[in-house]
Amino acid sequence: MTNTTTAPPAPQAAPSAGRTAGWIRTPHARPDATARLVCFPHAGGAANAFTALSAGLPEDIELLAVQYPGRQDRRAEPCAEEIGELAAGVTGALASRSDLPLFLLGHSMGALVAFETARLLEEHGTVARLFVSAARPPAQDWEEPDLTLVGDEELVAGLRRLGGIPEPLLRDPEIVAEVLRLLRADHRALLRHHCAEGTAVAAPVTVLLAAADPKNSLEQMAGWARHTTGGQDLVTLSGGHFSLVERPGESGPILTHQVRADLTRADPAPAPASAQASAQTAAPAPEEPLADLVREILLDGLEGRTPKLSTDPTTLEAAAREVMSPDAYAYVAGTAGSGATGRAGREAFDRVRLVPRMLRGTRRTDTSVTLFGQRLPVPVLLAPLAAQQVAHPEGETATARAAAAAGVPLVLSTFASRTLEEVAGQAGDQPRWFQLYLPSDRSVGESLVRRAEASGYSAIVVTVDATHLGFRSAELDRGYSPFLRGTGIANFTSDPAFRAGLPAAADATATVLRWAQISTDPTLTWADLAWLRRLTRLPLLVKGILHPDDARLALEHGADGVVVSTHGGRQLDGGVSALDALPGVRAAVGPDVPVLMDSGIRTGSDVVKALALGADAVLYGRPYVYGLALDGRRGVEHVLRCLLTDLGLALALTGCASLADVGPGLLFPREHVGTHPLARTTSDTPGSGGTPKNGDRR
């Protein structure tokens, strides 16, 4: 059986307003729209399946719902015999709607109609993107039975299994008869559809897969990549087969973000000839001031407006504590044991002092850095903090949108509360890495890596300092773990290899217990790193390195880079600070190996200090989660804008026009710095002295 209908159509429904030649319904007209999302329903479905989704879209996106013949106000027309017949009808109806970019979205059988419509539209124009939900690729055998051979009772049982129709409606004989009539008719068209393996559209394809869909798996959906020359990505939704239309509050923001991202990337229309001519003779526009955020805030102050959140990152923790639940705060802010390692992380930064250089003409600063052949706009990435839904209901999806807006790459935790595919869908084109806790079940570990590769993550960061959970008193005193309550395990519950290891009909408790058994591996050795190296061609970083010898061993076993980290002080109590360990690790691996660090960074000056002591970039942790707790996506974006503004000013005020100018010569040579060769100042150049780092990473 193929599909059901989310809202069963009444046999004599009145015609919908806003229809065009029978094929198109506009549930909510949006005169100011800049794009149109054309939605194709499932087998047995009707245009009204997308009404709730339409209502939740913003004013700049207008939803057009396709109405197939044979249902509701088109009931007098015969149902289509072929998928191509449906595609041709929709293509003709959209001819008058080509004034705005078209995004096509097909659910289940509707994905095939959308695909064929995209092929027809591309003969005369372009489709901006194709979204396909709960549907296998067009050339794949859908393994569907002939519904003319299936009895009514069996079909109704299948409808209950898939969901999408409220139980009271399934008890109404007239509605059931109408649903089954449409389902069988649409299914005949589905069974007749054939598509050659090499058939492709030029538009990029986004695959929407519900984590609990009983009809489709990650492996089956991955085949869509062979049917597009524009690239394919995958986003996982929560819920079952009808998640797209049953959970518009989740799917709507995902679609909106992708549509807006595509519109932003689109080439602007050519300027009129007169405008082009004047541009050639006009004087170049003056550069923007270095601190745009500072100017913005001060101008707002003239009108009596002040920032909703403080610009001082050291105050965010106290503010977040007031709005977070005690359990959530204990999890995010807590450290191991007495907290000595956490305190040491901050104390190390406080001991290091910068020596600024004057009159170096640093009107603007270049903060870009190249790592593993990829140019990053800033030497800051968001650290992989787990279970972010404890801070805000949107969790990592809000963080990803904020990071994309601020231009900061993110590193997603294995223990995220949203799936890696869903977060990738929110991150747009912004670079993203995937942090991996290697599970004891290697099939699950391999599956996670393959999913990260397929979803556009460009590096794997394997964490090695948490094979045993640290003694975290704040969490223990409250008897609290978000994971044992089901938060932070989305990448596992959505994983086919993990699900394959669950007992039949496993409930939530059994699922969590299975996660607890395999999520990490206390028996890890360097040989396991070598296994992971053979598994993927993505750059591989080892996170949690503090000893120089471990840095060398990581490289010997296949790592491409290391992250000097104390896990934010959450693992070993009484350990060395990451900043104090950084120079020794840099000396051990030499100048050409990427070295990152985290733990204790709060300000732009902290970033400069880390770079001066040997880091190529840093991971920024708790402050952005405090921003998430305080104001969701806007809170994260505010925190990041403040950090990057502070970083740009710190570079300019120390006399550095780019990261290439940052070096130990910026540091006051106190004893703890001066004992390391990186700290020896040898010339008048800001970043001179010590062991140089690879200039390509600057």
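Predicted model: local features only at pLDDT ≥ 70, side-chain atom pairs only at ≥ 80, totals over all residues.
A residue is called buried when its relative accessible area is under 20%.

**Helix H24**

Helix H24 covers residues 578-589. Nine of its twelve residues are buried, and H24 is therefore described as mostly covered under the 20% limit. The buried residues are Ala578, Leu579, Ala581, Leu582, Pro583, Val585, Arg586, Ala588 and Val589. Several elements contribute to their cover, among them the helices H14 (340-351), H23 (548-556) and H25 (604-612). The strands E14 (540-545), E15 (561-564) and E16 (595-597) also belong to this cover.

The length of H24 can be checked by simple reasoning. The expected span of a helix is 1.5 Å times one less than its number of residues. For the twelve residues of H24 this gives 16 Å, which agrees with the 16 Å between its end C-alpha atoms. Directly after H24 comes glycine 590, which has a positive phi near 85 degrees.

**Cavities**

In the whole structure, a search finds five cavities of 30 Å³ or more.

| Cavity | Volume | Lining residues by class |
|---|---|---|
| Largest | about 70 Å³ | nine nonpolar, three polar, one charged |

Which elements supply at least two residues each to the lining of the largest cavity? They are helix H15 (395-406) and strand E11 (410-412). E11 gives the most, with three residues. Of the 13 lining residues, Gln388, Thr399, Val411, Leu412 and Tyr624 are the closest to the centre of the largest cavity.

The lining of the second largest cavity is formed by Leu209, Ala210, Ala211, Asp213, Asn216, Ser217, Leu218, Thr236, Ser494, Pro496 and Arg499. Strand E6 (205-210) and helix H20 (496-500) are the elements that give two or more residues to this lining.

**Glutamine 388**

Where does glutamine 388 lie? Its position is in the loop between strand E10 (380-382) and H15. Is glutamine 388 buried or exposed? Its relative accessibility is 4%, so glutamine 388 counts as buried. Leaving aside residues up to four places away in sequence, glutamine 388 touches Gly395, Glu396, Thr399, Ser417, Tyr624 and Leu628.

Key
Residues numbered from 1 in each chain as written. Heavy atoms only, no water. 1 Å grid on protein atoms, 1.4 Å probe; cavity = no way out; pocket = protein on both sides within 12 Å on 5 of 7 lines; lining within 4 Å. Points joined across faces, edges and corners; volume = space filled by probe spheres on them. Helix = DSSP H or I, 4+ residues; strand = E, 2+ residues; numbered from the N terminus. Nonpolar A, V, L, I, M, F, W, Y, C, P; charged D, E, K, R; others polar. Buried < 20%, exposed > 50% of the residue type's maximum accessible area, 1.4 Å probe, protein only. Contact = heavy atoms within 4.5 Å.
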